[in-house]
Amino acid sequence: MKFRCNLVWRSVRAGLLVPWCICGKAQAAKFLFDATKAEMAGSADWVIDADSHTLNVGSGNGSGRVMSSNSYDSNPQRVPNPAPSTITSSTSEAYWQGALSSWAVDLVQAGHQVETLPYNGKITFGDATNAQDLSNYDIFVLVEPNILFTAPEKTALINYVKSGGGLLMVADHGHLTGGTGSDRNNDGEDSVDVLNDLMSNSVQNNPFGVSFNGNDISGAYSYVNTSSSDPLIRGAAGTVTNIEFNSGSNITINTSQNASVTMAIWSSSSRSASTGLVAYGSYGSGRFVAFGDSSTFDDGTGDPGDILYNSYNLTSYGNSKVILNASFWLAQKPPEVTTGMATNVGTNSATVNGVVNPNGLSTTAKFLYGTTTNYGSVTNVSGTLTGTNATNVSVGLTSLVAGTTYHYALVATNAGGSAQGADQSFATLAPAPVVTTGTATNVGTNSATVSGVVNPNGLSTTAKFLYGTTTNYGSVTNVSGTLTGTNATNVSVGLTSLVAGTTYHYALVATNAGGSAQGADQSFTTWTALQAWRQQWFGTTNNSGFAADTYVASGDGLANLIKYGLGLNPLVASPSPITFSLAGGYLTMTVPRSSSATGISYFLESTDNLAGGWSTSSVVIDVNTSTLFQGHDSNPLSGTSRRFMRLKLTQP
C-alpha cells in the first residue's frame, strides 16, 4: 500500500501551532459531505467550508429544510474555496471555514477529494440527471442530520452502501431518554431519530446492525478494541488509545442483523453490545462507520454565530486519529475484477485469464474453478498486485478431465474487500483415439485381412482402413459399427478383389469428437497363383524342399513346376499329356496349358543333340492361348536326321 506523509501545522485551543504527520493512501477517494438535512441549524455548523451564511427559517419548524429562527446559518457551496488543489502540506484548517474544515483539509492532504451536497441538493443513487448522484462518490458523510430521510432517499442510501459505497454516520445526544436532545431545527426529530429511522427502509431492516441509544454521555474513554487488525484503532493515521465525547450517544450493535458489525471503542469496561461509541462493518460490497458524538469532529471554527468546540485537534485524545482511520478505511476500495476468456485449451489443461485493478492496495488474486458454478477448486495467481491500473493475470490449470466443461471465476482481495468476476466456462478438448496398425493375416492371392487396435478414449469412435499399392493408399474400407469405452479394442477388415502377387500398403484411421488419429503404415504381398498352388498341395508357399519347382514329388519324372503349368496333381504319378506329331516333315509339340497357372512363362526349345544346343529360336509357336501351347521345329526331318523338342517353364 502506498501512503504519503504530510507535515501539517495544527492550531490547538491555546493557539499554539504544532506539527502533526497525516498519512493516507495515495489513491484519491471522493468524499461527499451532506448539508441537506439541517446539519447547519442552530448552533451546529457541520460543514467543511461555507463562503456565505444566508440560510434562515422564520417558523423554526424545519419546513424550509433549515435553519434556526433567530439567525442566519452557513450556506456551504459544492466545492470549497479556495480550491482543494491549492492545499499544500503546510496548509492550516483555517484555509476553509467550517466546523469540519480540519478534517477536510487533512483528507485533501492525504490525497483525497472533498465536496459538499448543498442544502438544496438531492440524495439519489443511480440518477444520471443528478450531477451529485451518490454513484459519483466513494464516501457519503452524515454528521448530525436533523431532518428525516424520505423513503426514496433511504432506499438510495442503503443501495449505495450495498453496491460498494462508504457511509459515515455521526449522531449526537437524543431525546429518546428524555429532554430536548439535539433537535437543531426544532422539527421534532434529532440526529438519533434520523439515523435510527434510516435503518427502517424498503431494502433491508437495519442492514448495518446499528442503533443509537440517544443517551447523553461525556468523558474520555480508553476502552478500545485490542485486536491488532482493527482498522479504526490501528490505521494509517496512527494508533488510537482514547477518545473524548461531549454529550454524545451510546451505540448498540446487533450481529444477528449484520454479522460483520464490530465495536471499535466502548464507553464501559464491560465492552457490552450496547455501550459502544464507535462501530463499523460492511454491508453488501460497501462499508459503514457509526460515531455516537458529533463534537468529536468539531474543530472549533466555522459560523461565527455558533457555539463551537475544538475537539478534533486536541492532541491529548485520539479523536482525529480515529476519524481519519475511519475515513481511510472507508476509502479503501476492493479490487475491480473481470474474468477473461480461457486460452490454450487442451484435453487436460487450459489457461484462465482475467484483469484486476488493485485500486491502490496490495492485492492477491485467485481463480475458482470446477465443473459447476460451485467451483470447488482454487489456484492462486502468483505474487501480489499493486497500483491503480488494470493488470492482466493468468493461471495454467492442469490435470483436467478431457471433454469436460469447466466453470471459473477470478477473485481478488485487498484491504478494501474482495471482488469476484463473472462466471466463465470452457470445455477441454475431447481426446482423439489412440490407434495402432496391426499385421495382415489370411493373405491369399486376391484377399487379406488387415487388423489393428483402437482406444476410443471414452468417446464414440469410428474406424477405417486405408489401403492401396502405395503409401498414398487410394482405397478405403470401414470397420463395422461404433467403438466406445476406454480400453484398447481389436478391429479387422477383410480386403477382397486384390491383385495376386502385389504389395499393398495399409493404415488404420480412427475418428471421434476429439479428432482423428492414423496408425503407422504396414504392408503385405498377395500370393501369386504358383504360391497358392504350393500352399494347396504342400502347405507352404516357399519354393523349397518338397515344394521346390524342380522337385519331382510323384516320381513320374515331371517336376512340380511342370505339373503346375500342365494342371496336374504333383503328388500323383501321371502320364504326360504332352504330345508330338509330324506335320509336313516338321516335329510339332502340343502342350495342354492350365488356365489357372498364371505367373509363369512357357517356352518350346529344339535341338538335334540331346547333349546340348537347346534353342527357342529354332521353334515356331503356332498356338498360344490360356489352355493350349503349340509349336513346331523349324528344322525339317529328312534322311537319317534327328530332332528333339522339349517344354521349358520359368517364373519371375
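Where does S399 lie? S399 is in the loop between strand 21 (391–397) and strand 22 (405–414). Helices (H or I, at least four residues) and strands (E, at least two) are DSSP runs, numbered from the N terminus.

Before I go on, this is a predicted model, in which local features need pLDDT of at least 70, side-chain atom pairs count only at pLDDT 80 or more, and totals for chains, interfaces and linings use all residues. Residues are numbered from 1 along each chain as its sequence is written, and side-chain values use heavy atoms, with hydrogens and water left out.

Back to S399. Its phi is near 60°, a positive value in a residue other than glycine. S399 is exposed, with a relative accessible area of 71%. Here exposed means over 50% relative accessible area, buried means under 20%, and partly exposed is in between (1.4 Å probe, protein chains only).

E144 also has a positive phi, of about 55°, and is not a glycine. E144 sits in the loop between strand 5 (139–143) and helix 2 (151–162). Is E144 buried or exposed? E144 is buried, at a relative accessible area of 1%.

One more backbone item: the peptide bond from N81 to P82 is cis, with omega near 5°. P82 belongs to the loop between strand 3 (30–34) and helix 1 (101–109).

Now the interior. A nonpolar core is a set of buried Ala, Val, Leu, Ile, Met, Phe, Trp, Tyr and Cys residues joined through side-chain atoms within 4.5 Å. The largest one has 49 residues, and W103, I265, V289 and F291 have the most contacts inside it. Helix 4 (residues 319–331) gives the most to this core, with 8 residues. Apart from it lies another core, of 32 residues, F140 and V192 among them.

V289 touches, among others, Y280 and W329, leaving out residues up to four places away in sequence. Contact means heavy atoms within 4.5 Å.

Next, the rings. Rings of Phe, Tyr and Trp (its six-membered ring) pair if their centres lie within 6.5 Å; planes under 30 degrees apart count as stacked, over 60 as edge-to-face and the rest as tilted. By this rule the count comes to 16 aromatic pairs. One of them, Y280 with W329, is edge-to-face, at 5.2 Å centre to centre and 75° between the planes. Y280 is in strand 15 (residues 276–283) and W329 in helix 4, 49 residues apart, so the pair links distant parts of the chain. Y280 counts as buried because its relative accessibility is 9%.
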